[in-house]
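Have a look at the fold first.

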Amino acid sequence: MGNIFDYLTWRGDLTFTQDPPNAVDALIFSTLTYVEYGEMAERPQEEAVTLRACAEEFFALENPQSRARSKKDTELLRRAADTVRFGQTRLCLYQSRFLPEQETQFAAMTFLPDDGSMFIAYRGTDNSLVGWKEDFNMTFQQTIPAQRLAQEYIRMAALAYAAPIRIAGHSKGGNLAVFAAARCSPTVRKRILTVYNNDGPGFTKYMIGDPGYSAIVPRIRTYIPQSSVIGMLLEHEEPFLVIRSRNVGIMQHDPYSWEVEGPNFLPVAEVTESSQFLDATIKNWFAGMTNGERNQLVEVLYGLLTTGEVENASDIFQPKNIRAYVKALSSDADMRHILSSEFQGLLEAAKKARASIGEAKELPPAE
């Protein structure tokens, strides 16, 4: 089966007027947000440029690869811009906020396909440690800064362009898409056609039952790979479609690994047992902690990681940083005690999860 690159080859010659946007298009728009466009995409709606023109300007920059999360992201931009379908799509209202002191990492942009709709896409977590810290804050905070920025962004974009709205995001971007749709005004919410959540985490229990969230649930389309970890986190009220990925384990979070057949993702019956186990383990673990304890654990872990020379998540396992962690742990008894206590709780949660999955497998089938 193919992936989103194969989809561009297969479907790229059709405009959105000829063939309306679908879930695979939404994943492509979501993944295109991982490129830092800067001023070339910050234009207001009336000055929106095509993706093709933006790509030409982007690749004329010195070292454009430094402005993207990965080589695949820049290749996606190049390949999408070369198609009829995406190349003539206009983009505008690009925003990017990276505020380490406020533990905030956020980006969003608006795509204007030729079918007269607007596609708001939110960026997921980048490679920065700050971005990952903001994600962890979701476990104990009702709202994080990126969610509030997402809510403000949809208000601004909806005022700038009066059109039917689709919203999408991958990873944290999927969570932001759902949050923005749930918390926007009823007037804007009526314009929303679909919300595409691509393996994005859920929410703490405060959001379940929220009137805005309940109103938008029927229009949420959530997709998770069969060994999903990120997309199973926290609470979801909407159903999800399980899809096939070429990768294994947590690497299935990579959108380039999702298998595509025609205009659809390739579905599978259910998530794997390992995904069920991890989901049950994490939920049991969180259930055994107060919000204050979750906060304390996140702060201790973040404090430990930042004792090294770590800016990006990829720096965590460098030998010099591991030595810094060992030194910090050896000199801080309180840190050792907190981590030991909470990870003992994790082991107990894992035992409970394993037992519950085993009991479920032994139950006789319903008549």
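## Helix packing and aromatic pairs

Helices α2 and α4 make a left-handed crossing (the near helix is turned anticlockwise from the far one by less than a right angle). This is a predicted model, where local features need pLDDT of at least 70, side-chain atom pairs count only at pLDDT 80 or more, and totals for chains, interfaces and linings use all residues. Residues are numbered from 1 along each chain as its sequence is written, and side-chain values use heavy atoms, leaving out hydrogens and water.

Helix α2 covers residues 23–32 and α4 residues 71–81; their axes sit 10 Å apart at an angle of about 120°. On the α2 side I28, T31 and L32 touch D73, L76 and L77 of α4, with contact meaning heavy atoms within 4.5 Å. Sorted by type, that contact has 4 nonpolar residues, 1 polar and 1 charged.

Now the rings. There are 18 aromatic pairs, counted when ring centres lie within 6.5 Å; planes under 30 degrees apart are stacked, over 60 edge-to-face and the rest tilted. Here are two of them:

| Pair | Centres apart | Planes | Type |
|---|---|---|---|
| F119 and Y196 | 6.1 Å | 20° | stacked |
| F203 and Y213 | 6.0 Å | 65° | edge-to-face |

F119 is in strand β4 and Y196 in strand β6, so their pair ties together parts 77 residues apart in sequence. F119 is buried, at 0% relative accessible area (buried means under 20%, exposed over 50%, partly exposed in between, with a 1.4 Å probe and protein chains only). Y196 is buried too, at 7%.

Key
Axes fitted to C-alpha atoms, helices over the stretch in contact; angles between N-to-C directions. Helix = DSSP H or I, 4+ residues; strand = E, 2+ residues; numbered from the N terminus. Nonpolar A, V, L, I, M, F, W, Y, C, P; charged D, E, K, R; others polar.
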